[in-house]
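My notes follow in the order I looked things up.

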Amino acid sequence: MMTIQKSNNLIRIFLFLTMVVSNLHLIAQKEKGTLNNFPKEADPITVGNFLVNRFIATPRMNAGKPITQKIVIYPEVCTWYGSLGFAKISNNMALTDRLINHFEPFFGKDSVIIPQALNVDYSVFGAIPLELYLQTGQQKYLSMGQKFADEQWTMPANKSRISPAQYQFFDEGYTWQTRLWVDDMFMITMLQLQAYRATNDTKYLNRAAKEAVMYLDSLQQPNGLFFHAPDVPYFWGRGCGWFAVGMAELLRTLPKQHADRERIMKGYQIMMASLLNFQKSNGMWLQLLDDPNSWEETSCTGMFTYAMITGVKEGWLDKKKFTPAARKAWIALVGFINEDGDVREVCEGTNKKNDHQYYLDRKRNIGDLHGQAPVLWCVTALLR
């Protein structure tokens with residue numbers, strides 16, 4: 001009798017363990033289609049700490065090179081934004097303090113390399129002190145950052161460099177820094193958004209939305225992608241990436257009842273749907289999105305991944321359709337981070353040019369901050 005009872009108990013235990021293993025397998029399979037439970041090397045906290053520590057430990061940089069320029073420009077600014085965002089969302093106060101200390105020289109010896117608000121690439125610097133204000137509440141950061149946001153909509157005293165087209169844009173309520181390059185969608189709206197987030201003054205939000213709609217109407221093509229400029233009909237990866245991130249950031253903050261939200265959301269959703277058609281089987285996107293002979297480029301892949309992760313989490317995109325694409329892209333992207341914490345295959349800084357080969361021939365950098373920043377944005381979006 002005892003032998004039969006023991007046998008029945010063993011059968012029950014076996015069936016129970018089989019059920020547990022089966023359920024764990026189902027959970028594991030399910031997690032493969034989600035934006036969590038990544039392989040160890042793609043863990044967002046691990047990647048975020050790796051890249052932020054690399055950023056802090058490296059001498060001031062622009063576009064992957066130790067700073068020899070006279071000013072700090074947007075690649076470093078974008079990496080700052082990603083680093084501060086990661087430190088905040090991971091509740092890593094020690095890392096936040098290190099980033100604050102890393103910024104302090106801008107109030108002293110490094111003040112000479114703070115840019116003047118002469119164009120979009122310089123003005124976006126103001127987004128970083130505004131982020132520091134949002135995290136610390138210290139007035140000195142607000143004063144520094146808000147000055148850039150206000151000057152972007154104030155015609156400079158020296159008008160010798162202002163073109164007739166810029167005058168016209170200014171007269172129509174846009175920033176005089178408008179030039180209709182696809183990159184500007186992020187540079188302009190990010191600064192104005194940060195000013196709105198810091199002050200709650202709707203003039204900054206309305207400026208950002210108005211500018212975004214005008215750029216949408218001017219540059220987005222029927223396939224959902226964006227020309228680099230009206231006279232440069234190429235779908236440059238990072239150029240489109242700037243627009244993708246710019247729209248995602250704007251939509252995160254723009255109230256549902258805002259008059260421009262529907263137009264921006266439409267442009268964003270059309271773009272995201274189009275990007276699925278251009279994503280490679282391994283998850284990456286290309287230097288020229290529609291040229292299969294082009295090379296896999298990491299900065300645009302990071303930007304598109306950020307925009308998709310944000311859209312899925314905010315409920316703007318269909319989860320079943322976009323979650324697998326975003327997950328695949330993220331895992332592919334971290335495979336381009338080397339042992340030093342540098343991202344590979346990053347397109348160098350690129351001006352506009354009406355020449356297809358020009359884009360294919362751009363240098364492929366390692367550790368270029370154009371590539372470091374989007375990975376940090378993705379980390380923040382995954383943890384959000």
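I started just past α6, where G137 takes a positive phi of about 75 degrees. This is a predicted model, so I read everything below as a prediction. Then I went back into α6 itself, residues 127-136, and listed its buried residues: A127, I128, P129, L130, E131 and L132. What covers them? I found that the cover includes α3 (74-89), α4 (93-103), α7 (139-151) and α9 (184-199).

Most residues other than glycine have a negative phi, so I looked for exceptions. N37 has a phi near 50 degrees, and I located N37 in the loop between α1 (2-31) and α2 (44-57). N37 counts as exposed, at 53% relative accessibility. N91 has a phi near 55 degrees and lies in the loop between α3 and α4. I noted N91 as exposed too, with 66% relative accessibility.

**R207, buried without a salt bridge**

Next I checked R207, in helix α10 (residues 202-219). R207 is buried but has no salt bridge. Which side chain of opposite charge is nearest to R207? I got D150, at 4.3 Å, and the cut-off for a salt bridge is 4 Å. What R207 does have is a polar contact of 3.2 Å with the side chain of Q192. Setting aside neighbours within four places in sequence, I listed its contacts as A149, D150, W153 and Q192.

**Salt bridges**

I counted 13 salt bridges and wrote up a few. R179 pairs with D121 at 3.7 Å, N to O. R179 sits in the loop between α8 (164-171) and α9, and D121 in helix α5 (residues 120-123), so this pair ties together parts 58 residues apart in sequence. I have R179 down as partly exposed, at 29% relative accessible area.

R197 and E249 form another, with the closest N and O atoms 3.2 Å apart. R197 is in helix α9 and E249 in helix α11 (residues 237-253), so here the linked parts are 52 residues apart in sequence. Both R197 and E249 are buried.

D231 and K352 meet at 3.1 Å, N to O. I traced D231 to the loop between α10 and α11 and K352 to the loop between β5 (346-347) and α15 (356-360), 121 residues apart. D231 is partly exposed at 43% relative accessible area, and K352 is partly exposed at 29%. I also noted a network in which salt bridges with shared partners join D121, R179 and D184.

**Cysteines**

How many disulfides are there? I counted zero. The closest cysteine sulfur to that of C240 is in C300, 8.5 Å away, which is too far for a bond. C240 is buried, at 1% relative accessibility, and C78 is buried as well, with a relative accessible area of 2%.

**Nonpolar cores**

Last, I looked at the largest nonpolar core, which has 112 residues. The residues with the most contacts inside it are I264, Y268, M272, W330 and W377. I followed up on I264: leaving out neighbours within four places in sequence, I264 contacts A209, A212, V213, L216, M247, L250, L251 and L254. There is also a second, separate core of 11 residues, W295, C347, Y359 and L360 among them.

Definitions and conventions:
Residues are numbered from 1 along each chain as its sequence is written. This is a predicted model: local features need pLDDT of at least 70, side-chain atom pairs count only at pLDDT 80 or more; totals for chains, interfaces and linings use all residues. Side-chain values use heavy atoms; hydrogens and water are left out. Helices (H or I, at least four residues) and strands (E, at least two) are DSSP runs, numbered from the N terminus. Buried means under 20% relative accessible area, exposed over 50%, partly exposed in between (1.4 Å probe, protein chains only). Lys and Arg count as positive and Asp and Glu as negative; His and the chain ends are not counted. A polar contact is a pair of N or O atoms within 3.5 Å; within protein, one must be able to donate a hydrogen and the other to accept it, and residues adjacent in sequence count only if both atoms are side-chain atoms. Contact means heavy atoms within 4.5 Å. A disulfide is a pair of cysteine sulfur atoms within 2.5 Å. A nonpolar core is a set of buried Ala, Val, Leu, Ile, Met, Phe, Trp, Tyr and Cys residues joined through side-chain atoms within 4.5 Å.
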